[in-house]
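Here are my notes on this model, point by point. Have the structure open while you read.

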Amino acid sequence: MGKVFVLDHPLIQHKLTYIRDKNTGTKEFRELVDEVSMLMAFEITRDLPLQEKTIETPVMETKASVLAGKKIGLVPILRAGLGMVDGMLDLIPAAKVGHVGLYRDPKTLKPVEYYIKLPSDIHERELIVIDPMLATGGSANDAIHSLKNRGAKHVRLMCLIAAPEGVEVIKQEHPDVDIYLGALDEKLDEKGYIIPGLGDAGDRLFGTK
């Protein structure tokens, strides 16, 4: 069964408080999401494998550690997921970026895929699906299915905040996928919004209503 990691680093939690605050404007919100994404990338890459390399320091020859070449792929779910990509690329600049576009059908409430563009070698990559909010779990579930249907073997999910309902959907549908969160919130309200949440992440990132 996939594990759920709540990244309780003090800097993540501090910045998340200001991301939640309704008085935080678009510019500051965007910068905070960028910073938290970089901090979360630091945590999510903690288990990347290392290998030894011989180098020359100014003093002597020595053996030191470098990444063992495990390829990373970042897959933001459009559009809100875009707001988390730059912060992660600051830390993992060699990662390739794919995109999955989904919208929720207003009648069926089911996610509909309208755009997908992925690196050609996704089957070789450790893919990190990125979305600020994991509410009902519908969009993330569909995005992960889309990746697996195209050959993805290793997928993780990274969100700023989640509702327990969404976490359960991913655990049931994708027991092989680990979930990384800034916070696990209380519940969903009757409209499907996370409580206490942070509002609509896309609108707050891009200044739309």
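1. Tyr 180 is buried, at 6% relative accessibility (buried means under 20% relative accessible area, exposed over 50%, partly exposed in between, with a 1.4 Å probe and protein chains only). Phe 5, at 30%, is partly exposed. Keep in mind that this is a predicted model, where local features need pLDDT of at least 70 and side-chain atom pairs count only at pLDDT 80 or more, while totals for chains, interfaces and linings use all residues. Residues are numbered from 1 along each chain as its sequence is written, and side-chain values use heavy atoms, with hydrogens and water left out.

2. How many aromatic pairs are there? The count is 1, with the rule being that rings of Phe, Tyr and Trp (its six-membered ring) pair if their centres lie within 6.5 Å; planes under 30 degrees apart are stacked, over 60 edge-to-face, the rest tilted. The pair is Phe 5 with Tyr 180: ring centres 4.8 Å apart and planes at 15°, so it is stacked. Phe 5 sits in strand E1 (residues 4-6) and Tyr 180 in strand E11 (residues 178-184), so the pair ties together parts 175 residues apart in sequence. Helices (H or I, at least four residues) and strands (E, at least two) are DSSP runs, numbered from the N terminus.

3. On to the annotations. An unreviewed UniProt entry puts a "binding site" at Arg 79, Arg 104, Asp 131, Pro 132, Met 133, Leu 134, Ala 135, Thr 136, Gly 137, Gly 138, Ser 139 and Asp 200; such positions are given in the numbering used here, with feature names shortened, and annotations may be inferred rather than shown by experiment. From this set, the lining of the largest pocket takes in residues including Arg 79, Arg 104, Asp 131, Met 133 and Asp 200. A pocket, on a 1 Å grid over the protein atoms alone, is an open set of points where a 1.4 Å probe fits, with protein on both sides within 12 Å along at least five of seven lines; lining residues have an atom within 4 Å of a point.

4. Asp 131 lies in the loop between strand E8 (126-130) and E9, and is buried at 12%. Leaving out residues up to four places away in sequence, its contacts (heavy atoms within 4.5 Å) include Ile 77, Ala 80, Met 158 and Leu 160. Met 133 belongs to strand E9 (residues 133-134) and, with the same exclusion, touches Ile 161, Ile 194, Leu 198, Gly 199 and Ala 201.

5. The record has a further "binding site" feature, also from an unreviewed entry, at Ile 194, Gly 199, Asp 200 and Ala 201. The lining of the largest pocket includes Ile 194, Gly 199, Asp 200 and Ala 201. Ile 194, in strand E13, is buried at 6%. Ala 201, in helix H6, is buried at 5% and touches Phe 29, Ala 80, Pro 132 and Met 133, neighbours within four places aside.

6. Is Asp 200 buried or partly exposed? At 34%, Asp 200 is partly exposed. It is found in the loop between strand E13 (194-195) and helix H6 (201-206), and its side chain reaches the backbone nitrogen of Gly 202 at 3.0 Å.

Terms used. A polar contact is a pair of N or O atoms within 3.5 Å; within protein, one must be able to donate a hydrogen and the other to accept it, and residues adjacent in sequence count only if both atoms are side-chain atoms.
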